[in-house]
Amino acid sequence: MSVPQSARHGRLVTPLAAVLVVATPIAILALAALSTRWFFPDPFPDSLTTEHLSKILGSSTTRASIATGLLVSATVTAIALLVSWPASRVLARPHMPGRAVIIVLLFLPSVLPAVGLAMGIDIVLLRLDLAGTYIGVVIAHLVPTIPYAVAVLTAGFVRHDRRLEAQAAVLGANDWQRLRLVTLPALRGTLLVAAALTFVVSWSQYLLTVLSGSGRVVTITMLLFSALSGGNPSTIGVLALVAASPATILLALAGRQTTESIAP
Amino acid sequence: MKLAAPTRLSRADLLRLSLVVVPVGGLSLAALVDALATSLGADEVRWSTIDLSAYSDVVTRSGFWESYWFSLWIAIAGTTIAAIGAALLGFAWTRRADRRGRLTLSILQFNLGVPHLVWAVALVAVLSPSGWIARLTAWAGLIDRPNQFPLLVNDRLGLGVILHLVTKEVPFLLLASLPLNGPRLRTSLGQAATLGASPRSQLRHVYLPGVAPAFVPALIAVFAYALGAYEPAAVLGVQQPRTLAVVAVEWFRDPDLRLRDQAFALATILLATIAVAGAALLLVTRHWWTHGSQRHVRVAPVGA
Amino acid sequence: MGVGPSVLDPKDWEGVLVAARGQSVNWYLWGGSESINRFVDDTYGPALKDRYGVTLRRVPIADTVDAVNQLLAEDRAGTADGAVDMIWINGENFSTLRTAGLLYDGWARTLPNASLVNWDNPAVASDFGTDVGSMESPWSSAQFQLVYDTERTAETDLPRSYAALLDWACANTGRFTYIAPGPGGFQGTRFVKGALFELSGGAEQWQTFDQTLWDKWAPRLWDYLEQLRPCLWRSGKTYPKDESELHRLFANDEVDFTITQAAVGAGALIADGLVPDTAKAFVFDTNSIGDFNYVAIPANATNKAAAMVVANLLLAPEMQARQIVPANGFGLGYAIDPNRVTDPTARQLLTDAAAQLGPAATDPTDLAASLVGDAAAAYQDLVETGWRQALLGGL
């Protein structure tokens with residue numbers, strides 16, 4: 001299977017193909033965002049304008065929904081990391097009894113039908129009188145995000161060399177000093193990836209947000225869905241770009257560290 | 001590994017674990033119980049008043065089975081194609097893990113972060129009969145009008161939804177299965193190649209058993225998503241047949257509360273289907289778990 | 001529960017204004033049209049703030065039924081200070097809330113500007129056959145129209161009845177379709193009802209609900225639509241699910257007609273960049289369904305006084321004049337009767353605005369000639385589920 005000659009020529013074929021598949025649809029949305037009345041059969045718009053972009057980004061509704069999304073997703077990220085950190089440390093131990101049970105429970109939301117899960121969570125929140133509140137939405141978002149945070153952090157702790165901490169302890173460092181001076185610096189990359197992933201997963205939720213927020217907690221994906229029913233390609237383009245923008249955070253973090261830390 | 005490993009969980013450890021298990025597992029279970037109870041016509045969980053009428057109403061509605069088979073077709077086709085794609089790509093990249101493989105993974109990772117709703121909207125913009133590719137085709141003089149362009153989204157075969165699932169889930173499967181034991185697997189593949197194993201045999205006997213412990217659960221998650229997701233089918237689907245997930249959401253949001261019970265009945269039917277499919281998948285792939293090069297199989301943390 | 005008098009009397013308008021000052025109104029309205037969103041934010045928002053000290057908070061929803069669900073959920077939970085202060089509403093959603101007793105009553109007809117509304121017009125006083133009482137205040141009017149592209153289709157070739165449409169569609173296979181009736185497909189339901197009116201010889205008989213009448217005509221209706229089906233876009237195997245999809249098909253030359261209900265015809269769609277600027281609206285000779293749409297205040301609304309101030313402002317002649325000018329992006333018709341406006345300046349505003357309807361609008365004489373009222377609300381569900389079963393055979 002080794003054909004060095006052609007392999008050299010084809011070196012960039014796979015990355016290029018990936019760029020093409022991933023970037024083309026997003027680029028077309030960007031073109032739609034920057035044009036008006038761009039109809040079949042024109043392959044490209046006649047002219048580009050930022051009129052729509054500035055109008056929609058300037059509207060108070062868009063801004064409010066971005067602020068809401070940031071607030072919800074940032075809170076979710078903070079809580080998810082806080083609770084996942086100690087749990088992941090335990091899960092990363094070489095011989096941990098009952099690990100399978102924990103993993104199955106954490107895996108549960110991934111194998112439930114998404115619509116059923118969202119509907120069920122909405123009913124639970126209604127019962128707790130939390131439906132339609134920020135807190136309700138944050139609680140709902142913890143369900144799909146914590147498993148990701150635990151997966152990334154556990155993988156990080158497994159690679160982490162605990163002897164460093166033991167040495168620090170021998171040298172007289174207390175718990176807090178060990179965490180601040182040894183563990184956190186060593187796991188900085190992992191933590192960053194976990195945060196980015198948690199944030200993006202929370203930010204991307206549509207159905208779960210609509211149902212748990214009773215339409216009252218309005219995020220950008222909801223504006224996008226609403227814009228779909230209006231059909232203006234420029235509006236749809238702008239809102240879609242805003243909704244996709246946190247994904248670029250992941251891209252920025254891409255590299256060895258990231259790809260190595262994502263595993264269930 | 002010189003440090004003595006604690007073998008028993010302290011009370012503090014249990015507390016630490018419960019911090020993640022309670023919100024995730026607890027809320028999922030509560031949601032599950034509530035869904036079941038509602039579908040059985042109970043407002044509170046009172047099993048004495050089990051009422052199966054929501055199920056019989058749903059199943060006997062005209063069009064139910066068409067929607068069911070359509071949903072199942074999309075889920076099976078989407079999962080199968082994504083699985084084959086991810087296995088082949090992952091195999092190729094593991095064999096010669098280099099910069100370009102890493103670069104490609106990073107690009108795909110971007111796609112993983114794009115919300116499903118955005119990706120579905122983007123696919124419509126590119127693939128619909130008046131979308132960008134159709135416009136290029138018209139510009140090249142191959143078609144005059146949009147209706148001459150093949151129907152790739154909002155089509156009765158669910159091609160658009162399947163394509164969405166494949167393009168979104170191949171990156172997920174790759175990232176879920178590859179990275180952790182990539183280097184280890186590469187070494188095994190190299191050894192197998194030295195011993196004269198064909199690429200085919202390397203794939204079957206080394207690579208697949210090597211990734212299976214992560215790959216198979218991820219595959220079940222992909223199937224569950226494909227069957228129970230709302231956004232892709234709502235944006236890329238057709239009016240008829242609609243997937244059960246789309247119908248469930250519509251009924252759930254209808255002011256008529258009887259429809260809400262039926263929406264939960266649909267969700268429960270989807271859940272049962274996932275359970276059967278998941279069990280079948282575990283059964284089919286069991287030889288990967290039991291045979292193969294066990295030394296490299298562990299995906300779960302093995303220690304530093 | 002907040003400040004202000006505990007008992008609000010809608011008849012005491014000064015008291016309402018005092019209570020409203022400092023309140024925010026959560027107005028739930030369909031948020032699909034960016035131009036309508038902008039119109040609401042830019043036209044009413046500043047006026048409310050400057051004149052009444054009221055903050056307008058527009059809550060965009062994908063379908064009005066979401067607001068209805070919100071209220072039903074609050075009702076089950078016994079929420080006294082509800083999240084919804086005002087809803088843009090009509091038809092089935094209104095009748096659901098009214099039946100459930102969830103609407104605030106006794107305010108709509110006492111608004112100062114309510115005197116400009118012709119409450120004697122049955123199309124105003126009855127919303128899809130349901131008496132609006134004093135629970136809904138009108139905002140604007142709408143009438144079903146088709147839109148064509150003057151570049152593609154000659155005016156003389158336009159079909160002017162459902163019978164002619166069948167001939168046209170089968171002579172131009174694949175170039176016509178309509179929106180699937182059902183949630184989000186309100187205009188499609190209206191298209192189908194128009195066909196029902198023509199087949200059964202008139203709209204009058206459908207104003208009150210009569211099951212036997214429905215049973216008699218429904219089979220013929222499905223018959224007609226079945227005949228139309230093979231001539232439709234994609235051979236009628238699928239239908240656009242909402243207005244926006246139909247606009248997209250029309251704009252991109254997949255079909256030759258789309259649907260609008262704006263007084264400015266295609267004007268608002270052109271201004272919004274949804275269709276080519278050569279688009280123009282027209283109507284069949286008769287059975288073009290028109291109606292009014294309203295705002296309602298939930299019984300558990302937290303900011304009722306401010307909501308009433310908004311409802312009253314919507315009816316102010318200067319605002320009514322602004323809403324029909326195509327460039328402003330709203331484009332629906334008057335809710336008030338311009339003849340009731342006595343102030344000469346206000347009257348002039350309305351006349352001027354009517355003169356700006358633009359070339360993309362249907363001739364007002366044609367519109368008036370073909371106008372009929374909608375069928376009773378109970379038919380809505382029959383048409384929607386009946387259509388789905390007869391034409392699609394599905395869930």
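**A look into the core**

A: Let's start with the largest nonpolar core, which has 311 residues; B:Leu173 and C:Val310 touch the most other members. Helix 9 of chain B (residues 199-228) is the top contributor to this core, giving 18 residues. A nonpolar core here is a set of buried Ala, Val, Leu, Ile, Met, Phe, Trp, Tyr and Cys residues joined through C-beta atoms within 7 Å. Buried means that 20 or more other C-beta atoms lie within 10 Å of a residue's own, with 12 or fewer counting as exposed and anything in between as partly exposed; the C-beta atoms are placed from the backbone. Helices (H or I, at least four residues) and strands (E, at least two) are DSSP runs numbered from the N terminus.

Keep in mind that this is a predicted model: local features need pLDDT of at least 70, side-chain atom pairs count only at pLDDT 80 or more, and totals for chains, interfaces and linings use all residues. Residues are numbered from 1 along each chain as its sequence is written, while chains are lettered from A and ligands numbered from 1 in the order they are written.

Now for C:Val310. Skipping its neighbours within four places in sequence, C:Val310 is in contact (C-beta atoms, placed from the backbone, within 7 Å) with C:Val25, C:Trp27, C:Tyr44, C:Leu48, C:Val54, C:Leu56 and C:Met86.

And chain B? Chain B has 13 helices and zero strands, and 56% of its 304 residues count as buried. Among chain B contacts between residues at least 6 apart in sequence, 76% join residues at least 24 apart.

Back in chain C, helix 8 (residues 211-228) packs against helix 15 (residues 378-392) at about 45°, with the axes 11 Å apart. Axes are lines fitted to C-alpha atoms, for helices over the stretch in contact, and angles run from 0 to 180 degrees between N-to-C directions. That angle makes helix 8 of chain C oblique to helix 15 of chain C; under 35 degrees would be roughly parallel, over 145 roughly antiparallel, 65 to 115 roughly perpendicular, and the rest is oblique. On the helix 8 side of chain C, the contact uses C:Trp214, C:Ala218, C:Trp222 and C:Leu225, while helix 15 of chain C brings C:Tyr379, C:Leu382, C:Gly386, C:Ala390 and C:Leu391. By class, this contact has eight nonpolar, one polar and no charged residues. Ala, Val, Leu, Ile, Met, Phe, Trp, Tyr, Cys and Pro count as nonpolar, Asp, Glu, Lys and Arg as charged, and the others, Gly among them, as polar.

Terms used
Contact = placed C-beta atoms within 7 Å.
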